[in-house]
Each structure stands twice: as C-alpha cells, then as structure tokens.
Amino acid sequence: MSYLVFRLERRIRACLDEALARHGVTTTEYMALSELRLRDAPSSADLARIAFVTPQAMNLVIRDLEQRGLIRRDPHPRGGRALRTRLTPKGLSTLRRCDRSLDSIEAVMLAEIDDPDRVTLAETLKLCAQALHSDTRALTPVLRPQKPPPSPWP
C-alpha cells in the first residue's frame with residue numbers, strides 16, 4: 001500500500017510541476033500564493049512550513065514573487081521589521097489560471113471514478129489528512145518498531 005501512495009504522490013507532483021510551469025510558477029510558489037489567498041498576511045516562516053521548505057528558501061521565493069509583481073510586501077502596522085505579504089491583482093489572476101489547470105488534472109485523475117466513490121474517496125482522504133495532521137507523534141510506533149527485530153544470526 002505504501003508504494004501506491006508514493007507512486008500517486010510522485011505522479012501528482014509531476015503533473016502539478018508541469019501544469020504550473022506553463023504559467024511560469026513553481027509548485028512551491030503556487031503553495032505560497034494559495035496560502036496568501038487564504039490567510040491575511042502569513043509570515044515567511046508560516047509559508048515555509050506549508051510549502052515544506054526552509055525559511056531561507058521561502059525568502060527567495062517571496063523575493064522572486066515580489067519582483068515579478070505577483071505579491072507585495074508592506075510594513076506591518078505595528079512597526080518593526082515585519083512585512084505583511086499580500087497577493088497583487090496580477091498574482092490573483094495568475095493563481096486563478098493555475099487553479100484551472102489543477103482542476104483539469106483532478107478531472108483527469110478522477111474520470112474513471114463514479115460519483116459515490118468520489119464522495120467516499122474525498123471523505124477518506126480527509127480522514128487520512130486529519131489523522132496525520134492531528135498528532136504526528138502517533139506515527140512513532142509505525143516508523144520505529146518498539147522492539148528491534150530478532151537477529152538472523154545464531
């Protein structure tokens with residue numbers, strides 16, 4: 001089963017990368033832009049965690065998005081060095097085009113699945129995501145057996 005999950009994740013990622021590249025956006029940039037649409041001015045560290053990159057890497061992504069006019073950074077109202085990052089109209093337009101491409105990928109992926117099974121799949125995936133998000137410490141027994149396996153040597 002784990003091999004199937006891995007294969008699906010790799011295939012989806014390849015499709016995402018290819019589709020987003022046609023819009024001049026990387027998957028990491030898309031994740032950052034999407035989060036900016038959902039949340040009011042998240043920090044660079046928040047964006048890095050969501051995109052599974054280091055804060056340093058996200059700073060480069062943000063700088064590039066800003067130079068391309070997809071986002072803007074304004075001083076935080078409370079002052080200090082903090083900047084609030086927000087989508088520009090150009091960024092939102094780019095994001096919407098990317099969304100349509102990703103909707104097409106999803107349609108192709110689910111084309112052979114009937115409506116009741118789609119509902120079941122969506123509900124099951126939601127449960128999987130919640131299980132992994134709620135407490136990653138629950139993975140410890142799965143990833144690290146409590147007892148070492150017996151030695152094959154006498």
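**Packing and charge in a predicted chain**

Colleague: Leaving aside its neighbours within four places in sequence, which residues is Ala48 in contact with?

Modeller: This is a predicted model, and in it Ala48 is found in helix α3, which covers residues 44–51. Once the neighbours within four places in sequence are left aside, the residues in contact with Ala48 are Val53, Thr54, Pro55 and Met58.

Colleague: Does Ala48 count as buried or exposed?

Modeller: The cut-off for a buried residue is a relative accessible area under 20%. Because the relative accessibility of Ala48 is 2%, this residue of the chain counts as buried.

Colleague: How far apart in space are Ala48 and Met31, C-alpha to C-alpha?

Modeller: Along the sequence, Ala48 and Met31 are separated by 17 residues. In space, taken from C-alpha to C-alpha, the distance between Ala48 and Met31 is 9.5 Å.

Colleague: Which residues are linked with Glu35 in a network of salt bridges?

Modeller: Side chains of opposite charge can pair when their charged atoms come close. Arg39 forms a salt bridge with Glu35, with the closest N and O atoms 3.3 Å apart. Of this pair, Glu35 is buried because its relative accessible area is 13%, whereas Arg39, at 34%, counts as partly exposed. The network that includes Glu35 also links Arg39, Asp46 and Arg49.

Colleague: How far apart are the closest N and O atoms in the salt bridge of Arg68 with Asp64?

Modeller: Arg68 is partly exposed, with a relative accessible area of 26%, and Asp64 also counts as partly exposed, with a relative accessibility of 27%. In the salt bridge that Arg68 forms with Asp64, the closest N and O atoms are separated by 2.7 Å.

Colleague: Which residues form a positive surface patch with Lys90?

Modeller: Lys90 has its place in helix α5, which runs over residues 89–110. Patches are made of residues with over 30% relative accessible area and no salt bridge, and Lys90, at 48% relative accessibility, counts as partly exposed. The residues that form the positive surface patch together with Lys90 are Arg96, Arg97 and Arg100.

Colleague: In what order do the elements of the chain run from the N terminus on?

Modeller: The chain has seven helices and two strands, and 25% of its 154 residues count as buried. Among the contacts in the chain with a separation of 6 or more, 42% are accounted for by residues 24 or more positions apart. Read from the N terminus on, the order of the elements is α-α-α-α-β-β-α-α-α.

How values were computed. Residues numbered from 1 in each chain as written. Predicted model: local features only at pLDDT ≥ 70, side-chain atom pairs only at ≥ 80, totals over all residues. Heavy atoms only, no water. Patch = residues over 30% accessible without salt bridge, like charges linked within 9 Å, V, L, I, M, F, W, Y side chains within 5 Å. Areas by Shrake-Rupley, 256 points an atom, 1.4 Å probe, with all protein chains shown as cover. Salt bridge = Lys/Arg side-chain N within 4 Å of Asp/Glu carboxyl O. Lys, Arg positive; Asp, Glu negative; His and termini not counted. Charge placed at Lys NZ, Arg CZ, Asp CG, Glu CD. Helix = DSSP H or I, 4+ residues; strand = E, 2+ residues; numbered from the N terminus. Buried < 20%, exposed > 50% of the residue type's maximum accessible area, 1.4 Å probe, protein only. Contact = heavy atoms within 4.5 Å.
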